[in-house]
Amino acid sequence: MPSNECNLFCFHLILLLFLHCSSSFLSHALDSETDRLSLLSFKDELTDDPLDVMSSWNDSSHRSSWKRFQRANPSSISSELSCGTIPDNLGQLVNLQFLQVGSNNLFGTVPLSVFNLSRISIFGVAFNRLVGSLPSSIGTSLPNLKQLLIGVNGFSGNIPSSLSNISSLQIIDFPDNQFVGRVPSDFGRIANLQRVNVGRNLLGRGDSDPLDFVNSLINCSKFEMLGIDNNHFSGPLPDKIANLSINVNRLLLGRNQFIGPNPCRNNKIHQPDCFKCQLEQL
């Protein structure tokens, strides 16, 4: 991979991460000596600064010189991200709240240090070529997480049961990966949960009760969408799937090995998208 592409990726990654933060958060974050040194270390690794943003960065720079971030235009940054890996240095930005680097050509693993950034609320790395597994401790290391968006990558392993410890979690979006095993059965503990999409993985194979997690989801009053299509789930659909929140507007269940009747046919889930629920093999 050409070095200038890597450099451009690192540069734009820094910009994107900070431009998604609020102005007040930005000022606070740049007060941190750890953050300042981390960004300076990024600068030391770059040879290309196409927008000349970092020309004034040095050990004696006043905080006002960093505020040039706020005048950049974020609308053109995401599409300009190139290929590369996520650097371990990112884990030093302890005040980071938003990681949104989806739809690029990132590869390799997500450094464990990034999963320890406890203030992150949006973790978005979908549509890349990332691999590896999610740490089992993610439910304690990311306590403020609201959206976990990692679809269309090559993540594998089990879905950590500790995710159910994150009371703020709203969206679990894992489609098109290689997760195996079972979906944690206590997602219903997440009161704010709105969406679970684990379609097009390798889940459910060899599990004697692969759909018990559905029963817990009836406790999520804000729940809107369930996607488990294109996996290895088998057996009858649980009757309680008909008791999901009245807010549910989409169920993606097809291309599994379900048998028996569909409990959703005559229930309160009546929104238009419901019966686009891919139930081809029922």
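Select asparagine 177 and show what surrounds it: leaving aside neighbours within four places in sequence, asparagine 177 is in contact with Ile150, Gly151, Val152, Asn153, Gly154, Phe155, Arg200 and Asn201. Contact here means heavy atoms within 4.5 Å. This is a predicted model, in which local features need pLDDT of at least 70 and side-chain atom pairs count only at pLDDT 80 or more, while totals for chains, interfaces and linings use all residues. Residues are numbered from 1 along each chain as its sequence is written, and side-chain values use heavy atoms, with hydrogens and water left out.

Asparagine 177 lies in the loop between β8 (171–173) and β9 (178–181). Helices (H or I, at least four residues) and strands (E, at least two) are DSSP runs, numbered from the N terminus. Is asparagine 177 buried or exposed? Its relative accessible area is 6%, so it is buried; buried means under 20% relative accessible area, exposed over 50%, and partly exposed in between (1.4 Å probe, protein chains only).

Now draw two distances from the side chain of asparagine 177. One runs to the backbone oxygen of isoleucine 150, at 3.1 Å. The other runs to the backbone nitrogen of asparagine 153, at 3.4 Å.

Next, select phenylalanine 174 and phenylalanine 179. Their ring centres are 5.1 Å apart and their planes are at 25°, so the pair is stacked. Rings of Phe, Tyr and Trp (its six-membered ring) pair if their centres lie within 6.5 Å; planes under 30 degrees apart count as stacked, over 60 as edge-to-face and the rest as tilted. Phenylalanine 174 is buried at 0% relative accessible area, and phenylalanine 179 is likewise buried at 0%.

Move on to phenylalanine 213 and phenylalanine 233. This aromatic pair is tilted, with 6.2 Å from centre to centre and 45° between the planes. Phenylalanine 213 is in helix α6 (residues 212–216), and phenylalanine 233 is in the loop between β12 (225–227) and β13 (234–236), 20 residues apart. Both phenylalanine 213 and phenylalanine 233 are buried.

Last, select leucine 217, in the loop between α6 and β12. Leucine 217 has 0% relative accessibility and counts as buried. Which residues does leucine 217 contact, leaving aside its neighbours within four places in sequence? They are Phe187, Gly188, Leu193, Phe223, Leu226 and Leu244. The C-alpha atoms of leucine 217 and glutamine 194 are separated by 9.7 Å, and the two residues are 23 residues apart along the chain.

Key. Polar contact = N/O pair within 3.5 Å; in protein donor to acceptor, adjacent residues only side chain to side chain.
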